[in-house]
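Have the viewer open and follow along.

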Amino acid sequence: MKKRMLGKTGIKVSLLGLGGFHMLEISKNLVSKLVGIYLDHGGNYIETAAEYGDGESEKKISYALGNHRNEVVLVSKCHARDQEGAKKFVERTLKNLQTDHLDVLFLHHVTKREDVDALLKRSSALDYLFEAKKKGMIRAIGVSFHGLPDYALELLKAQDLDVAMTGFNYYDRFNFPSTFENFLPYARSKGMGIVGMKAVADGYLYRSVEDAFRYALSQDIDIMVAGANSEEMLLKDIAIVENFKPMSEKSMENLYFRAPELGNYVCRQCNKCLPCPEGIDIPKIFLYEGWYDRQMRDYKPHEAPDYALRERLAFWFGNQNEAVTAYKKLTKNVTNCTNCGLCEERCPYDLQIVDKLQLVHFKLGNGEIF
Ligand code: SF4
Ligand code: SF4
């Protein structure tokens, strides 16, 4: 398996990382088998979090690695925000993983204003991590998040960190475009390593796993982490990554047209519907819908598994307040629409814009569902 440098950390990582969340679902013997297969195929990055099963995933990984600890880049995450809490969790993680150092330690899910405020205070978790890095207990410090990148970006601007981890997939490309357009270039300008996750959007792109991995790995990232709970799933991921060829811009554009998950509901943020004669910023309104429920609730009939996934994932990232607040600040909204139909004639993806606007007004503006 190909390897890339993880930003300026000096750590070399395989293109596919093995994630530890799904290890909660399987026995430690199966975890050992999967880790063995992964290592045999040249994988070298294994990642977990203190929170996954309250340390259970870390313990299973330690069992599976046995005496192979030094062959892998071993990574965990800590969700504490204060100095004492971070000390407690990092010490516990080292014990669970039976190691004296972590190659990367992420500050886990920095997704809210409170997270950044707490991390930038005195005696925060970061103070402990910087100390632990000096002592050689941690080689690189990272930040991980999902959904809106704004708070993690604020942290990066205030502190020098080594690695960032977030989701990269062609579905959330249109719900959280600033991850691709602002966060990623800024992190790269600081020489940070980038770890991708959620290539299949928490399972939502299950029909299109190959396209999803190829798309994710074609972004400016160093590694894509994926979890697996079966041999079959892991071997499939490995095969895709081993045969990986970057997607051209043109292929990505094609994917935006043909992807069944995007269909004629998800706004591709292309701005081709503008200008609206009434001054309504249509793409922005749909962007806020992306923050709110990832444009998952389209009120169309769906097959049961698809419906279940949407219900599970719509509010997963918790950016509803930001969406509602931003929508309320707009000077022109759906109530200004005269139903002239111009925007729908211009939309290359055949979105029923007027109906979708009404739906968003219902979701974000306490409107009436028609
Ligand atoms: S239908 Fe409504 S949103 Fe579309 S261009 Fe006309 S006024 Fe603007
Ligand atoms: S043209 Fe369609 S896809 Fe493009 S921004 Fe407007 S509504 Fe979204």
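First, the ground rules. This is a predicted model, where local features need pLDDT of at least 70 and side-chain atom pairs count only at pLDDT 80 or more, while totals for chains, interfaces and linings use all residues. Residues are numbered from 1 along each chain as its sequence is written, and chains are lettered from A and ligands numbered from 1 in the order in which they are written. Helices (H or I, at least four residues) and strands (E, at least two) are DSSP runs, numbered from the N terminus.

**The barrel**

Eight strands close into a barrel, in the order 3-4-5-6-7-8-9-10, with parallel pairing; two strands pair if DSSP finds at least two bridges between them. From one strand to the next, the twist averages 30 degrees. Zoom in on strand 7 (residues 138-144) and strand 8 (residues 163-167): they run parallel and are joined by three bridges. Ser144 stands opposite Met165 in strand 8. Helix 5 (residues 125-134) packs on the sheet and touches strand 5 (73-78), strand 6 (102-107) and strand 7. The direction of helix 5 makes about 155 degrees with that of strand 7.

**Two helix pairs**

Two packed helices are described by the angle between their axes and the distance between the axes. Axes here are lines fitted to C-alpha atoms, for helices over the stretch in contact, and angles run from 0 to 180 degrees between N-to-C directions.

| Pair | Angle | Axis distance |
|---|---|---|
| Helix 6 (residues 150-158) and helix 7 (residues 177-189) | roughly 25 degrees | within 10 Å |
| Helix 11 (residues 282-293) and helix 13 (residues 320-329) | about 155 degrees | 7 Å |

Ala152, Leu153 and Leu156 in helix 6 meet Asn182, Phe183, Tyr186 and Ala187 in helix 7, where contact means C-beta atoms, placed from the backbone, within 7 Å. The residues of that contact divide into six nonpolar, one polar and no charged.

Tyr288, Trp291 and Tyr292 in helix 11 meet Gln320, Glu322, Ala323, Ala326 and Tyr327 in helix 13. This contact divides into six nonpolar, one polar and one charged.

**The ligand shells**

Which residues come nearest to ligand 1? Of the 14 around it, they are Cys276, Cys337, Cys340, Leu342 and Cys343; "around" means a C-beta atom, placed from the backbone, within 6 Å. Helix 14 (342-346) and helix 15 (353-365) are the elements giving two or more residues to the shell around ligand 1. That shell has 10 nonpolar, three polar and one charged.

Ligand 2 has 15 residues around it, with Cys267, Cys270, Cys273, Pro283 and Cys347 nearest. Helix 11 gives the largest share of the shell around ligand 2, three residues.

Most residues other than glycine have a negative phi, and most peptide bonds are trans. The peptide bond from Leu274 to Pro275 is cis, with omega near 0 degrees, and Pro275 lies in the loop between helix 10 (249-258) and helix 11. His109 has a positive phi of about 30 degrees although it is not a glycine; His109 lies in the loop between strand 6 and helix 4 (113-119).

Key
Contact = placed C-beta atoms within 7 Å. Nonpolar A, V, L, I, M, F, W, Y, C, P; charged D, E, K, R; others polar.
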